[in-house]
Amino acid sequence: MTKTLKFLAAAAILAAAVSCASTEKMVKMAENVIVTCDPAVLEAVGGNIDATVKVTYPADYFNPKAIVEVTPVLVYDGGEAKMAPFVYQGEKVKDNYKTVSAAGQTVTENIHFDFVEGMEKAYLELRGVVKGNNKELALPSRKVADGVNTTYMLVKSDGVVPFKADGYANTFTDKAEGQILYTVNSSEVRGKELKGSSIKNFQDAVNKLNANDKAKITGTEIVAYASPEGAETLNNKLSDKRSETAAKAWDKVMKGYDVAAPEVKSVGEDWEGFQKLVNESNIEDKELILRVLSMYSDPAVRESEIRNMSQVFTALKGEVLPELRRARFIANVEYENYTADELLALVEKDSDVLDEAALLHAATLVKDNAKKEALYEKAISKYNSKTGQYNLAALFLNEGKLAKAEGALSKLGSNDPDVLNALGVVAMRKGDYEAAAKYFKASKTDASKANQGVVDLLTGNYEKAAQELADVKGCCNNTALAYILTDQLEKAEKAIHCECGSCLYMKAIIAARKGDATGVQKNLAAAYKKDASLRERAANDIEFAGYDL
């Protein structure tokens, strides 16, 4: 009995010694553990640093009674970031950790860190401890990856929000008009018509136009009509006769006026004028008349249907038809619009004289954003200008005033493609890339396509970004960046057509990836001249590791 107890005690002491030796052995043999990381150079994508680490424990390494804690740590200038440890257990440990076989096993873990400034110059290491027999021993730290590559952060992420065209033209056209009226079925010009207010106003307008340095009469016309009642053939002949008598009347009333001879036209039945006058009238059944006009195109059928409405036709005979027995005297005019200098002067002195297009155009000429805002506000208040409302929102976005831009956009309908694109930019700046993508998809403009490319770059969808940005006009920065991030270096070089600091910096990255040390130095030197802040970035940029900067 005594011998047996002594033997058992000795066995227990031996087992404890073996157990202790086994955990120590794991520390001593740690160099035999194979660790790999994909990617070997860490990369920030959409503000995240993600990687996959594989740890291969060789046969006869992992003590069946041991527990190992492995903590991924990203060490960078200014601090370090730690993940929660991965915990593994030997085959004889009765716990809920991941079990590793003593015969050897590979475990795979996903690594994640949120990117913070300073992590550009960093490395990933694994720190471990092994626990067994009430002891805890530190395992040697293992560096597994360098990094972090932040090339995607060269994206221009403000978004493209183009202003709407203001509709302002250097010249615009107008008409000066007068008319003479005829009695039913007559082509005789009555004397009172030549002395009436319509012709006198036309004469006065011609004189004023000739005296206006910014106006030019480009041509004159006489257009004769017949009211749409009776046979169409007879009305066409009547219209022709009226054009002849109107031409003779023109010679009388325009004698001594500086105008060219008119072009004489005969229209026949004036259904267009008829519809316009009915629409503007207070005739009780005017909607019924307009419906007849839309239903029938044959003049005879139209007239027959309208005559069948006797009460309606009586009203037409008194209010509408007499105004259609006419000949119009027309002077076509071309006006020179305000020059840029004149607009700027009027902005300071008397902007009330400006129409909507002139106010919107003046906003593009002034340099002070407060004045731009005031001009857009005036176009909105005075003309209920939707273009002014949108351009005001675009101005706020350009100034970085996101809340004000949202407020301005909220007053516009969301079916406008430009508005949808602007709403997408607002969402993108807020970091809501899912909502931004929905707006850009609905917008279907060139700008929204470029902005979708930005979303793709920010979320790591580089292949799609390269496709979206391939045909985008304007800034080449994002297109070149998409090609770099998909290792299409030749396309990236061809895409760059400007000399801004960012693009020159990307040329240096392309050179670095090609192993062109001279190109790296040359392009970085040029980039620093454009943007001195790029020097600090380059010093920490993993793209230039191994190059003498």
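The chain puts about 29100 Å² on show, and 49% of that area comes from carbon and sulfur atoms. Keep in mind that this is a predicted model. Of its 549 residues, 44% count as buried.

**Overall layout**

In secondary-structure terms, the chain has 23 helices and 14 strands. Its radius of gyration is 42 Å, well over the 24 Å that the globule rule gives for 549 residues, so the chain is more spread out than a compact globule. Along the principal axes, the C-alpha atoms fill a box of roughly 150 × 60 × 40 Å. As for contacts with a separation of 6 or more, 65% of them are between residues 24 or more positions apart.

Which residues of α10 are buried? In this helix, which covers residues 340–349, they are Leu343, Leu346 and Val347. Looking down the axis of α10, you'd see the buried residues fall within an arc of 105°, so they line one face of the helix. The face turned away from that buried side carries Asp341, Glu348 and Lys349, which are exposed. And what covers the buried residues of α10? The cover includes α11 (356–365) and α12 (369–383).

**A buried valine and a partly exposed tyrosine**

Val419 sits in helix α15, residues 417–429. With a relative accessible area of 1%, Val419 is buried, because anything under 20% gets that label. If you skip the neighbours within four places in sequence, Val419 is in contact with Tyr390, Leu409, Leu412 and Gly413.

Tyr97 belongs to the loop between β6 (86–89) and β7 (98–99). Its relative accessible area is 36%, which makes Tyr97 partly exposed. Again leaving out neighbours within four places in sequence, the contacts of Tyr97 are Ile67, Val87, Tyr88 and Gln89.

Ala84 is in the loop between β5 (79–82) and β6. At a relative accessible area of 56%, Ala84 is exposed, because the cut-off for that label is over 50%.

| Pair | Gap in sequence | C-alpha to C-alpha distance |
|---|---|---|
| Val419 and Leu74 | 345 residues | 43 Å |
| Tyr97 and Phe86 | 11 residues | 8.7 Å |
| Ala84 and Val70 | 14 residues | 8.7 Å |

**Backbone spots to check**

Where do the cis peptide bonds turn up? One joins Asp38 and Pro39, with omega at about 5°. Pro39 lies in the loop between β1 (34–38) and β2 (41–45). Another cis peptide bond joins Gly147 and Val148, and here omega is about 20°. Val148 is placed in strand β10, residues 135–149.

Then there are the positive phi values. Asn185 has phi near 60°, a positive value in a residue other than glycine. You'll find Asn185 in the loop between β11 (171–181) and α2 (191–194). Is Asn185 buried or exposed? At 64% relative accessibility, Asn185 counts as exposed.

Lys444 isn't a glycine either, yet its phi is positive, at about 60°. Its loop runs between α16 (433–443) and α17 (446–458). With 73% relative accessibility, Lys444 counts as exposed.

Key: Residues are numbered from 1 along each chain as its sequence is written. This is a predicted model: local features need pLDDT of at least 70, side-chain atom pairs count only at pLDDT 80 or more; totals for chains, interfaces and linings use all residues. Side-chain values use heavy atoms; hydrogens and water are left out. Helices (H or I, at least four residues) and strands (E, at least two) are DSSP runs, numbered from the N terminus. The radius of gyration is taken over C-alpha atoms; the globule rule is 2.2 Å times the number of residues to the power 0.38. Buried means under 20% relative accessible area, exposed over 50%, partly exposed in between (1.4 Å probe, protein chains only). Contact means heavy atoms within 4.5 Å. Accessible areas come from the Shrake-Rupley method with a 1.4 Å probe; for residues, only the protein chains shown count as cover. The arc is that of the directions from the helix axis to the C-beta atoms.
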